[in-house]
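This report describes a ligand site and the residues around it. Please look at the sequence and the model before reading on.

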Number of protein chains: 2
Amino acid sequence: MNEASPPAGPASDRVRLRRVHHRGHYDRASLDAVLDAGQVCHLGFATAEGPYVIPTLYWREGDHVYFHGSSASRTLRGLADGLQVCLTVSLIDGLVLARSGFHCSVNYRAAMLFGHAELVTDAAEVTARMKTFVDGLVPGQWERLRPVTDQELKATKLLRLKIDEASAKIRTGGPLDDEEDYALPIWAGVVPMETRYGAPIPDPRNLAATPLPDAIAALQGQ
Amino acid sequence: MNEASPPAGPASDRVRLRRVHHRGHYDRASLDAVLDAGQVCHLGFATAEGPYVIPTLYWREGDHVYFHGSSASRTLRGLADGLQVCLTVSLIDGLVLARSGFHCSVNYRAAMLFGHAELVTDAAEVTARMKTFVDGLVPGQWERLRPVTDQELKATKLLRLKIDEASAKIRTGGPLDDEEDYALPIWAGVVPMETRYGAPIPDPRNLAATPLPDAIAALQGQ
Ligand SMILES: Cc1cc2nc3c(=O)[nH]c(=O)nc-3n(C[C@H](O)[C@H](O)[C@H](O)COP(=O)(O)OP(=O)(O)OC[C@H]3O[C@@H](n4cnc5c(N)ncnc54)[C@H](O)[C@@H]3O)c2cc1C
Ligand SMILES: Cc1cc2nc3c(=O)[nH]c(=O)nc-3n(C[C@H](O)[C@H](O)[C@H](O)COP(=O)(O)OP(=O)(O)OC[C@H]3O[C@@H](n4cnc5c(N)ncnc54)[C@H](O)[C@@H]3O)c2cc1C
Ligand code: HEM
Ligand code: HEM
């Protein structure tokens with residue numbers, strides 16, 4: 001059949017949105033769009049001491065979200081040992097100013113993934129994934145860098161979480177006011193917010209003749 | 001004595017940084033500087049189903065961080081009923097490009113608060129705090145809006161968490177490479193990142209003669 005598949009429903013009751021549930025999306029295209037737009041996730045897990053929320057860089061490759069850090073990291077060790085994780089990505093796109101405080105809001109895109117993370121142990125696999133991470137931030141950067149050493153790989157833990165039990169929640173557009181409030185002479189609208197790279201600042205210890213690679217120069221304004 | 005008090009140490013063993021611990025700060029001035037620079041926090045808690053991480057707007061007043069939402073919100077209900085919370089704020093300030101992948105990093109500011117949130121029940125107190133929230137986003141905005149109603153206050157839950165068991169972690173500055181790598185002709189440096197407001201977009205249903213308030217116009221570029 002050539003018809004588009006119907007929008008996916010929630011993979012579990014846990015990921016079904018209750019509040020403002022029309023903002024929920026469960027299909028991979030919506031999830032991937034949010035995941036591919038972010039850089040930082042917040043990893044939530046609980047130990048006997050209570051809940052923790054740890055900000056960490058991440059990237060997506062195929063059906064997985066990857067994140068890395070020290071082999072000795074408490075967070076990564078706990079997750080590799082099987083603690084359940086909630087991985088949340090959120091992006092704020094604008095301040096929504098309504099005619100009443102009650103209807104003020106923000107425009108946003110968010111994704112929440114639940115499950116158990118998996119340790120990537122094969123050194124060649126770790127190297128390949130770290131290359132995707134680095135090149136995803138700055139195209140072609142991996143080849144410009146001093147090659148990674150075995151000792152560095154040993155000091156690094158790479159984990160991945162499958163995109164499986166997941167939800168996205170997205171708000172776009174202007175304010176939605178109570179009908180009678182539209183008659184009030186109050187300015188309403190959206191003030192967009194954007195995160196952008198500024199001008200690259202060279203390290204004072206760069207060798208005199210080291211040019212700024214085009215791919216790094218091109219980040220500015222992105 | 002006129003001497004400055006020594007830098008505060010961790011309030012508990014739980015908030016003592018293990019990884020890259022020289023980036024840790026436990027004094028109120030450092031914590032407040034991070035908290036006052038952010039808008040979105042991530043609330044972590046755990047139920048029988050597992051951990052959850054919920055992005056939410058927040059603001060600080062004195063010794064507390066406040067956040068709000070629906071009276072029916074699962075998160076706010078759980079926290080008001082006594083679930084332990086970890087509230088994390090993170091800001092990303094730049095991409096740190098080193099001469100090796102291993103030493104690449106990001107500049108960031110983060111704060112983590114642990115404890116039990118408290119429900120604010122007094123309607124006058126809720127109103128006063130919501131005014132601070134709105135005016136903190138746009139100075140003077142509360143007085144421009146249609147006044148809040150009793151019914152709206154009933155639909156709203158306001159919680160606060162005391163800044164008590166808390167840590168900040170901050171990275172600034174350029175890359176730190178292995179000494180021998182400084183001899184390599186590889187461009188290294190920082191690409192700063194900034195989040196800014198863009199030009200306000202008026203709601204199509206604004207009355208024709210409604211001017212853009214100066215305080216909203218002034219957000220652009222901030
Ligand atoms: C930048 C930003 C700022 C926000 N500010 C506020 C605020 O100030 N006050 C407020 O009340 N809410 C805010 N939200 C929305 C908030 O994240 C929750 O969606 C909302 O509070 C409902 O919480 P709940 O516990 O009732 O969720 P429920 O609807 O009970 O959650 C059920 C399931 O829905 C899914 N889900 C819920 N929230 C999200 C999400 N954000 N992203 C992806 N999946 C989700 C999860 O799978 C969750 O397990 C904000 C969201 C973003 C991204
Ligand atoms: C934007 C951003 C991106 C990051 N990206 C990565 C990454 O890709 N990989 C990586 O390994 N780390 C990253 N970090 C650092 C990460 O948040 C942790 O600090 C680090 O992973 C150490 O984790 P741990 O579990 O070993 O912490 P531990 O040092 O064992 O934590 C002990 C205590 O220190 C405090 N603490 C720990 N981390 C923070 C924090 N970030 N802010 C405030 N207090 C804290 C808490 O009170 C915690 O209970 C990033 C941080 C930020 C803000
Ligand atoms: C552009 C690419 C990269 C970025 C932006 C990046 C970013 C980060 C950040 C933000 C941290 C946390 C530091 C802190 O706690 O303050 C970190 C830790 C770490 N990274 Fe990376 N990283 C990159 C590439 C790599 C590569 C290629 C490797 C290894 C092959 C690696 C190995 C590590 C290790 C081992 C740690 C733990 C440091 C410690 O806690 O002592 N990173 N990285
Ligand atoms: C500038 C000021 C404000 C901003 C930016 C703001 C932002 C938000 C956001 C982002 C949400 C989440 C909506 C979602 O889940 O998609 C929310 C929910 C909510 N806010 Fe606010 N808010 C503001 C002021 C207020 C005020 C003044 C009140 C009440 C007096 C209020 C009451 C509520 C309620 C009841 C909800 C829950 C909505 C629901 O889940 O049905 N807000 N707010």
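The model is predicted. In it, ligand 4 is surrounded by 23 residues. Among the closest are A:K169 and B:H68. The site is shared between chains, because residues from chains A and B surround ligand 4. By residue type, the shell around ligand 4 holds 14 nonpolar, six polar and three charged residues.

Three elements each supply at least two residues of this shell: β7 (105–116) of chain A, and β5 and α3 (123–137) of chain B. The largest share comes from α3(B), with four residues.

Ligand 4 contains an iron atom, and B:H68 is the single donor that the protein gives to this iron. The donor atom is NE2 of B:H68, 2.1 Å away from the iron. B:H68 lies in strand β5 of chain B, which covers residues 64–70. Strand β5 is also one of the elements that supply at least two residues of the shell.

On the chain A side, the residues closest to ligand 4 include A:R19, A:R23 and A:Y108. The table gives, for each of these residues, the distance from a polar side-chain atom (N or O) to an oxygen atom of ligand 4.

| Residue | Distance to an oxygen atom of ligand 4 |
|---|---|
| A:R19 | 2.8 Å |
| A:R23 | 2.6 Å |
| A:Y108 | 2.4 Å |

In short, chains A and B both contribute residues around ligand 4, and the iron atom has its single protein donor in B:H68.

Key
Residues are numbered from 1 along each chain as its sequence is written. Chains are lettered from A and ligands numbered from 1 in the order in which they are written. This is a predicted model: local features need pLDDT of at least 70, side-chain atom pairs count only at pLDDT 80 or more; totals for chains, interfaces and linings use all residues. Side-chain values use heavy atoms; hydrogens and water are left out. Donors are N, O and S atoms within 2.8 Å of the metal (3.2 Å for Na, K and Ca); water is not among the atoms, so sites may look incomplete. A residue is near a molecule or strand if one of its heavy atoms lies within 4 Å of it. A polar contact is a pair of N or O atoms within 3.5 Å; within protein, one must be able to donate a hydrogen and the other to accept it, and residues adjacent in sequence count only if both atoms are side-chain atoms. Ala, Val, Leu, Ile, Met, Phe, Trp, Tyr, Cys and Pro count as nonpolar, Asp, Glu, Lys and Arg as charged, and the others, Gly among them, as polar.
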